Amino acid sequence: MALIPELAVQGAQMVLVLLLAPLLTGFVRKVKARLQRRRGPSLIQPYRDVVRLMRKEVVLADNASWLFRVTPYLIFAATWVAAALIPTFATGLTFSWTADLIAIVALLGSARFFLALAGMDVGTSFGGIGASREVMIASLAEPAMLLIVFSLALVAGATQLSTVAAFMASPDVGLRVSLGMSLIALVIVAIAENARIPVDNPATHLELTMVHEAMVLEYSGRHLAMIEFASFLKLLLYVSLVSCVFIPWGLVTSGARPQLLLLGAVTYVGKLAVCGILLAVFETAIAKMRVFRVPDFLGVALMLALLGTLLLFVSRSL
Amino acid sequence: MSKRKMPGLTDLIEAGRPVEYHAPSKRALVAPKVWNLAVEQLAEGRWSLLGLWGEPDTVHMALLDEVRDIGVISLQCPGGRYPSVGQRHPPALRLERAASDLFGLSPQGLPDTRRWLDHGQWGVSHPLATAPQAPAAASSYRFLAAEGESLHQIPVGPVHAGIIEPGHFRFTASGETIVRLEERLGYVHKGIEGLMKGSPVDRAARLAGRTSGDSTVAYSLAFARAAEAALGVDVPRRAVWLRALMAELERLANHLGDIGAICNDAAFAIMLAHCGALREHVLRASDAAFGHRLMRDRVVPGGAASDLSEEGTVAIRSVVAEIRQRFPHLVELYDNTASLQDRTVATGRLKGELARQYAAGGYVGRASGRDFDARRSPGYPPYDELAFDVPVLQEGDVNARVWIRIREVEQSLSLVEQILERLPAGPIHVDIAGPNGPREGMAVVEGFRGDILAWLRIGEAGMVERCHLRDPSWFQWPLLETAIEGNIVADFPLCNKSFNCSYSGHDL
């Protein structure tokens, strides 16, 4: 196989996630606005926000350390790499051997670790509140995510996403209870990880209720742009993950003809749109829960993922 | 002594030296002994404090007794000193601190002597005293302490992440649980009372309408009624009814906005979108009917400033029909969304006894079982001719405050319909040039937040000598501090919005 086209497809995938991520966020916002009978901002508003923030000056607290300045880039890089590893429209890309679920969880975990540190770095009370809430959520979301990974690995026999996706698309899968549980758990984890309602409210102006936003309150300019972009990418990442693992149809292999690759890309965008609409509808229909109810909510994910894993030990066919 | 018959407010006032002209209730200069007797009645919870305000050498206290008589007692303060009310009746604390900042009166025995409205930024201290002094040396504000292991403080505001009024909140929390909340207000002090001093009645009326923007009709009405009482003016019937129409439209718009905003603070944005649209339609109908969205300066001493046209009537009727059709669905949505109910039920509970002690007006008091509505008692026209209920609930949580608003929206819709049905014809304004000489008037008017008290004295040449406007928030802000105790930090915005106290009206 020629290396150049392979790399080109891999590169296309990396650029694609970068380009699509703000659009997905803009799309979810638009659908939510429409559901509330508002006109809502333009679909490309998130791109404009990023450009606006990049042009703005950075205002730093006097006591901000190097960690505070470096964190936005770390978060952006880690999230981008993680998002680019997930097969979006094609499997078997050049770097797909690295597309290991555990690696992705680790990348996101590192990003969160640095964000929580940066939140506490300048010593404002909101940063501290945000960091403590974020870590409380993470302490349940991460084990749940790992258990989901175990379930999938037990079913598909690998933690590598290309293999998992290929297995899930094959007729060998059948109807499995454990996979259903994993899907629900993954959706819950995705909602919590992306700071969506009912766990957090991405649109709030109430500093006391914030989780993610409270940690980034002190950021401005290009630093904020990086963090915002990272959260767009994270949403895209989870949507891609859900669609790659649970709706793998339409994925093409990397060596396919360009027309097929294009078809794969169109299918992918369609999946994003469907997931985006579902997310918007869900968020419109539900109020945010009390901070102390979040562990219950995530506990459901943890229990389902655990049950899914256990079921697979009881029976290979469940 | 214990068998002694409890003196009523009227007995107390008769025991004093009544002033020449004070309408509709009475005011008397009393001796310190009588003053203390009144404070005792307050402290024992038999009477309610309606207001406390100063003058350079006098302090006044408006009271409501158990038979719902209203009156004012005044005490001369030789050397600016008088026995503190706040030391025995805490609701007076902040009012006394404010009077001390403005007039230099020093309440003897007041447990809290920190400045309240004066943040050391005025360039002068005691601006309304006979001889204002140079500003006192700036000192940092000492927040009340909370002791315990692993407590931490969270300062919030006065500049907030959202576009709201400025106020500082100091939380002491143990993890997420709030141990103590202390408010610091006064950031939007505009000097309304100072500006009113010596100004003609019409200018003072305009100032009163700018005390708190969302209650401009209620404030204008309170001021106008007080001025009319002082001058003995009879307002034409049509004007009285038009004013009530405006007041109900204002209540409708604000309650609709609040219901949506409370739900939005629980991240249930769809309620805000729908209620916001309804509120906007009420404002537009008000604009069509009276030429101003918030109806500012439409209530004037002597009547109303603009008459209701045929198109205006049609606009109001159509918005009432729209709300009648759409609002029940929103109420159903509120009631049937379990995730939303989970946030509002049992959150920020205010005890009934505290609501009574503080004489909390409006939805704050009525959601905690305090059955008081100034439209009914003391009552003012045209409400005596209109049929309406005053909803009262006992729970005192955020949910109860939402439900009081929902019920009041329904009552206001019915009131608007009744008024439009029976609006009398005739003139809408009379001249208010009245007799000279010191004449005093007082009015209690029900705004959407609760009862607003206006007291004024008109002096020689018809100029306002002293005017005091007491926002309902004076007695609601302190209750927010207690309602939030034991709740979690993240629930504060929801509780705060359910109180929706005015910063501007409180800071004057």
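From the N terminus, chain A runs α-α-α-β-α-α-α-α-α-α-β-α-α. Helices are DSSP runs of H or I with at least four residues, strands are runs of E with at least two, and both are numbered from the N terminus. Chain A has a radius of gyration of 19 Å, close to the 20 Å from the globule rule for 318 residues, so it is as compact as a globular protein of that length. That radius is over C-alpha atoms, and the rule is 2.2 Å times the number of residues to the power 0.38.

Housekeeping. This is a predicted model: local features need pLDDT of at least 70, side-chain atom pairs count only at pLDDT 80 or more, and totals for chains, interfaces and linings use all residues. Residues count from 1 along each chain as its sequence is written, while chains are lettered from A and ligands numbered from 1 in written order.

Of the 318 residues in chain A, 50% are buried. Buried means 20 or more other C-beta atoms within 10 Å of the residue's own, with C-beta atoms placed from the backbone.

Now helix α7 of chain A, residues 177–193. How many of its 17 residues are buried? The count is 12, so to speak mostly covered. Among them are A:Met181, A:Leu186 and A:Ile191. The cover includes α5 (125–156), α9 (221–246) and α11 (294–314) of chain A. Just after α7(A), A:Ala195 takes a positive phi of about 55°.

Notes:
Expected span 1.5 Å × (residues − 1). Contact = placed C-beta atoms within 7 Å.
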